[in-house]
Amino acid sequence: MISPRDELLTQDILRLKKEKSAYIIAHYYQREEVQALADFVGDSYAMAIAAKESPYDVILVAGVDFMAETAAILCPGKIVLTPEPAATCPMANTITVNDVLAYKKKHPESIVVCYVNTPAEIKAVSDVCCTSSNAVKIINRLPENAGIFFIPDQYLGSYLAKKLGRSIDLFSASCPTHANIEKEHLLRLKEQFPHAQVLVHPECHPEIVDLADYAGSTKGILDYATQSEGKSFIIGTECGILYSLQKNNPDKTFILASEELICPNMKSITLDKVRYSLEKLETRVTVPEEIRAKAALALERMIEYAS
Ligand code: CIZ
Ligand code: SF4
């Protein structure tokens, strides 16, 4: 339910959006009131395509920094705004350019596949990007005998290695939010709701993925729940997804696999900050041209392989 104050803020934002000819793109993990006013809500892959294809000159990205950076990389002529420049992804920030260069020196023939949850300078030293919704497709496009270094999410990487039956070198990072699902708690929920299907994100620990009926990206979870004959689902990803799940499936029941599936960085974007950002056209997200051009190659390759 949206509060009266949020309703006023929403009206202000919609007015400013028109005035500034701006387009608002939000991630599924955003607060409900932010998703509700966005022009487009999606996962990071769909957000990147929406930014690239948007005819608007001003794009406000309601998501963490790598999502706004991706829009800036793909849309060099446009003004890309973030309502909260400090909103970042702790997992994305664990890997350094030196980590990647050191690996490449040791394994010059290997292909570096970079999860979109990375800063621009990491994309710039990678061969191809992927998101959780297209990672299988991307890796299947690589030569069968190629060595692969998947960065930085070790759990998504090991999920892909298992699913595709190929050996993949991994980095050691993982998502602190998805780590909040406890196996014992999930087992209790499964007992309590025996008819519920368990749908989880592959950023979860493998022992959680092993207990699931389905593992996939946010978009994958959304599509699975929408198409399923099932009536109840235990959801193992960030709580913001409940908004779209419930909106698309008003008659189905969704139970979070943990009360702590909250990404504080995603939630740091509020309606007040969105309004300020549009009013002042701040904070603008830019990427130095030398890095942008190289990172764009890895992102464009992802788009080509995924389409
Ligand atoms: O790729 C994304 O948008 C994230 C962070 C999750 C997902 O699976 O969609
Ligand atoms: Fe990063 Fe995890 Fe938050 Fe996604 S949910 S932005 S991976 S910390």
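**Close-up 1. Arg R292, a buried residue in a helix.** At 14% relative accessibility, R292 counts as buried, a term that stands for under 20% relative accessible area, with exposed meaning over 50% and partly exposed in between (1.4 Å probe, protein chains only). R292 belongs to helix α15, residues 289–306; helices (H or I, at least four residues) and strands (E, at least two) are DSSP runs, numbered from the N terminus. Setting aside neighbours within four places in sequence, R292 touches A72, I73, P76 and V287, where contact means heavy atoms within 4.5 Å. Please keep in mind that this is a predicted model, in which local features need pLDDT of at least 70 and side-chain atom pairs count only at pLDDT 80 or more, while totals for chains, interfaces and linings use all residues. Residues are numbered from 1 along each chain as its sequence is written, chains are lettered from A and ligands numbered from 1 in the order in which they are written, and side-chain values use heavy atoms, leaving out hydrogens and water.

**Close-up 2. Strand β5, enclosed on both faces.** Five of the five residues of β5 (residues 111–115) are buried, so this strand is largely enclosed by the rest of the structure. I111, V113 and Y115 cover one side, with V112 and C114 on the other. In a regular strand the side chains alternate between the two faces of the sheet. β5 pairs in the parallel sense with β7 (residues 148–151) over four bridges, and I111 stands opposite I148 there. With β6 (residues 128–130), β5 has parallel pairing over three bridges, and Y115 has C130 as its bridge partner. Pairing here requires that DSSP finds at least two bridges between two strands.

**Close-up 3. The open sheet of four strands.** Its order is β10-β9-β11-β12, with parallel pairing. β10 (214–215) and β12 (253–256) stand at the edges with a single partner strand each, so one side of each has no neighbour in the sheet. Four bridges join β9 (residues 197–200) to β11 (residues 232–236), and V200 faces G236 of β11. Helix α11 packs on this sheet, touching β9, β10, β11 and β12, and its direction makes about 160 degrees with that of β9. Axes are lines fitted to C-alpha atoms, for helices over the stretch in contact, and angles run from 0 to 180 degrees between N-to-C directions.

**Close-up 4. Helices α11 and α12 side by side.** The axes of α11 (residues 218–227) and α12 (residues 241–248) come within 10 Å and cross at roughly 25 degrees. The two helices are therefore roughly parallel, as angles under 35 degrees count. T218, I221, L222, A225 and T226 of α11 meet I241, S244, L245 and N248 of α12.

Methods: Angles under 35 degrees count as roughly parallel, over 145 as roughly antiparallel, 65 to 115 as roughly perpendicular and the rest as oblique.
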